[in-house]
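Subject: Structure handover

Hello,

Here is the structure for you to look over. My notes follow below it.

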Amino acid sequence: MKKIIKYVMTDILRNRIVLIYTVFLFITSLSMFSLEDNVNKGLLSLLNIILIIVPLVSIIFSTIYVYNSAEFIELLVSQPLRRKSIWLSLFTGLASSLALAFLVGTGIPVLIYQANNIGFMMIAMGILLSIIFVAIAMLAAVKMRDKAKGIGAAILLWLYFTLLFDGLVLFLLFQFADYPLEKPMVGVTALNPVDLGRILILLQMDVSAMMGYTGAVFKDFFGTYTGVMVSFVAMFMWILFPLWSSTRKFNRKDL
Amino acid sequence: MIIATNVTKSFGKLKALDDVSVTCNKGECIALVGPNGSGKTTLVKTILGMVVQDSGFITFNGNNILHHWKYRDQIGYMPQTGRYPDNMTIGHVIDMMKDIRGKEAILDEELFASFDLQSLLNKRMRTLSGGTRQKVSATLAFLFSPAVLILDEPTAGLDPVASEILKEKIRKEKKKGKLVLITSHILSELDDLVTQVIYMQDGKMLFHKNIDELRSETGEEKLNRAIAHFMTKN
């Protein structure tokens with residue numbers, strides 16, 4: 001398994017896209033901090049980058065990478081290797097290189113300007129989101145045989161998690177405005193890793209007051225130690241479930 | 001050595017393999033023949049575990065291949081169209097395969113030398129012609145001196161010289177008592193190689209016969225005549 005990870009990693013590094021992504025993250029993060037005189041404002045702008053750009057790059061790059069590795073996968077499958085280890089190595093290679101890109105690109109500037117709880121939470125969320133969206137991308141790629149369809153599905157999934165889901169939640173909130181939905185909302189959040197990440201970071205920043213009564217409920221839940229633990233577990237489920245599902249599918253796939 | 005029992009595989013509505021049962025033993029050189037789309041490649045790929053059958057099972061030395069993935073280190077496979085990662089060079093691909101197979105295998109670099117791949121070592125896979133790709137595929141198939149050789153259309157795309165080298169190599173390996181499985185629809189080139197013939201059509205195995213048996217039955221000396229005889233009879 002180690003050998004395959006090595007080949008995947010060198011291939012990704014040779015690809016240069018991940019390198020460009022790292023530089024992009026580094027420059028934007030640095031400029032966010034130096035443009036704003038208030039470090040907190042810089043963090044807020046950076047938050048949006050983490051919640052939108054990171055999932056986008058992770059999901060699109062991984063989907064395309066899996067499709068482009070079709071030959072590589074085919075070559076390996078006819079060799080004495082377990083299918084599971086081929087697939088998991090591909091995941092490990094992709095996830096670790098994208099997480100590393102984030103750690104270098106955004107992690108370093110954040111640690112320079114904001115080496116506290118907020119900063120650490122931000123880095124943790126960025127890394128988790130990178131890995132989650134690699135897992136989701138691999139599920140999309142293994143389900144669709146057609147490349148164009150697969151990339152389309154990846155883009156739609158990204159749209160759903162970053163935009164549509166919030167729209168749906170807002171719609172539900174307005175439709176059922178007469179009912180006390182604040183507590184169920186906490187549960188609904190777990191259905192979207194991007195929202196989980198956003199809330200965990202915002203609560204560290206103490207701006208939850210801006211979120212009204214729901215914010216208070218969130219603070220009550222996510223502000224506690226168990227709340228944070230539960231949301232981390234939920235995020236790990238977002239890695240494990242797509243990964244498990246795609247591995248199962250890949251085990252029976254015809255090449 | 002390889003026993004397939006009632007293997008069935010459908011791609012959507014198309015039945016690529018329909019209740020196929022085959023037994024392949026050591027020292028045999030089996031030709032898998034049949035028209036295009038008769039399921040030859042699918043059968044080969046199910047034996048390799050690249051295609052997962054819908055029903056039936058395949059055993060390799062008595063172990064069900066679904067659970068014993070290790071058996072593939074005893075197989076050298078030459079695909080019909082070798083597809084390799086575009087940005088790797090020939091050298092990279094060969095090194096990677098050596099790395100994956102581990103050190104236990106005895107390397108057989110005869111084809112590597114006779115195809116003169118040394119001079120092409122730094123060429124990227126995407127720049128290669130179809131024939132050179134086939135040479136790489138053939139080299140990789142024989143490289144680890146496997147007990148079983150599965151060759152899918154081995155000489156398609158090779159020039160006459162290379163094709164002769166490859167056939168000579170197959171003959172040599174056959175003499176060593178290896179199981180060789182060749183699919184082809186160019187029958188004339190198999191004449192002096194094969195000991196058995198499996199004929200497939202529309203996913204069904206029509207017959208599995210010894211070549212001498214086939215010859216005496218049809219009264220034809222040449223393999224393609226014999227097969228043609230059979231096809232017109234059906």
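How many bridges join strand β1 of chain B to β2(B)? There are 7, and the two strands run antiparallel. Strand β1 covers residues 2-11 of chain B. One pairing to look at is Ser10(B), whose bridge partner in β2(B) is Lys15(B). Please keep in mind that this is a predicted model.

The sheet in chain B

Both strands belong to an open sheet of 4 strands in chain B. The order is β2-β1-β4-β5, with antiparallel pairing. At the edges stand β2 (14-24) and β5 (63-64) of chain B. Each has a single partner strand, so one side of each has no neighbour in the sheet.

The contact between the chains

Chain B puts 16 residues into the contact, and chain A puts in 16 residues. On the side of chain B that touches chain A, helix α2 (residues 90-101) of chain B gives the most, with 3 residues. That side of chain B is made up of 10 nonpolar, 1 polar and 5 charged residues.

One residue in chain A

Asn15(A) is part of helix α1 of chain A, which spans residues 2-15.

Best wishes

Key
Residues numbered from 1 in each chain as written. Chains lettered and ligands numbered in written order. Predicted model: local features only at pLDDT ≥ 70, side-chain atom pairs only at ≥ 80, totals over all residues. Pairing = 2+ DSSP bridges. Contact = placed C-beta atoms within 7 Å. Nonpolar A, V, L, I, M, F, W, Y, C, P; charged D, E, K, R; others polar.
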